[in-house]
Amino acid sequence: MSSSRGACCPVVAPSDGGCEYPMAQVRSGETSRLGPGNRHLRSAEVVDFCRTTPENSDRTIRITHKEQAPFWCRIGVRPYGDRTRMTELSDRHREYLFEPFERILMVRQVELFKLLDLLCYGLTELTALPELTTALRKPSEAIEQAKQHAELAQREIDRGFSSLVGQSIIVLWGALEALIKDFLVRWLELFPNLWERPGIASLKIRIGDYEALRPEDRRRYVIGEIERNVAAKLKVGAGRFEAVLSELELGGGIDDSIRRDLLELSAVRNVLVHNAGHVDERFMAMCPWVECEPGQLLRPTRKDYRRFSAAVLQYAALIVERAESCIGSNKSFKPMPLRGTA
């Protein structure tokens, strides 16, 4: 996978002998493009998630390599261009600001991934149910029901579990939308200087509606107005998020492969939700690399889901990196005290 952000280098060495690398440099099931000094980490794969390393409170993911012990890959890292300047965020501010990443991706999505595997396994086992009910001399009604369940399970297996995968893809895109909005609500809360940005200061809002909202809902309302102003919902893939992020000092470049996978993820999600899974001309125009015909029933695979999930994780890591870079390079970004602190 090519990267426009340049080579990386070790950041922290945990006590277990591993190393930490920016998460965006590691992609599940694909070769890692690491710096010249890290060529021995040629084939890293995301296998597990953990909130902390043994001695580090930052959010991390656990990486394994066939030739060495597991090491840790951190979501929140300081900018590539300056490896000496530390962020001005306190641990409490960082934990609060980036909590949606952990809650939505590192907990909820990992559980979904495991559930998908469990359901696929369960359907495979279900195909043998008629034999067991027959051997146990169950009533004919129970045997007939077992046969129906087995036939349904076999159809899903023959389709590559596409129905289960499709639902997981819909949830995955929704998780990314929720993650970014929840994060931006906290971003606006901690950094009031953002309210002076032209994209916010020039907003036209309904005062009555705005005043009736709680503080958190006001920020959510403002983000919704920004989305409408920049026509975010009319943009595709990561473009709908980038339009809003740019208004809040969080814009930037995206690796081409990540951008492409997110575009395909959004297109597949739209076909599943709005077109009953049938390919249309819009999908073919958005994703010309996908081999399909108009009207064809789209059958996403578990491999597709893993690819999309990896792109979401990498994009989330990129947003965290942008936020840390923005805070570290802009003196006007002084976080407000959190509730319950002096």
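Me: Which loop does A276 lie in?
Reply: A276 sits in the loop between α10 and α11. Helices here are DSSP runs of H or I with at least four residues, strands are runs of E with at least two, and both are numbered from the N terminus. This is a predicted model, where local features need pLDDT of at least 70, side-chain atom pairs count only at pLDDT 80 or more, and totals for chains, interfaces and linings use all residues. Residues are numbered from 1 along each chain as its sequence is written, and side-chain values use heavy atoms, with hydrogens and water left out.

Me: Why does A276 count as exposed?
Reply: Its relative accessibility is 58%, and exposed means over 50% (buried is under 20%, partly exposed in between, with a 1.4 Å probe and protein chains only). A276 is therefore exposed.

Me: What is A276 in contact with, leaving aside its neighbours within four places in sequence?
Reply: V271 and L297, where contact means heavy atoms within 4.5 Å. L297 is 21 residues from A276 along the chain, and their C-alpha atoms are 8.3 Å apart.

Me: What makes α12 mostly covered?
Reply: Of the 28 residues in α12, 22 are buried.

Me: Which residues touch the most other members of the largest nonpolar core?
Reply: Those are F183, L184, W187 and Y315, in a core of 75 residues. Such a core is a set of buried Ala, Val, Leu, Ile, Met, Phe, Trp, Tyr and Cys residues joined through side-chain atoms within 4.5 Å. Two or more residues of this core come from each of α1 (91-97), α2 (99-126), α5, α8, α9, α10 (256-274), α11 (281-286) and α12. The most come from α5, which gives 14.

Me: What does L184 touch, not counting residues up to four places away in sequence?
Reply: The list is I223, V244, L245, L248 and L250.

Me: How many helices and strands are in the protein, and what percentage of its residues are buried?
Reply: The protein has twelve helices and four strands, and buried residues make up 46% of its 342 residues. Among contacts between residues at least 6 apart in sequence, 66% join residues at least 24 apart.
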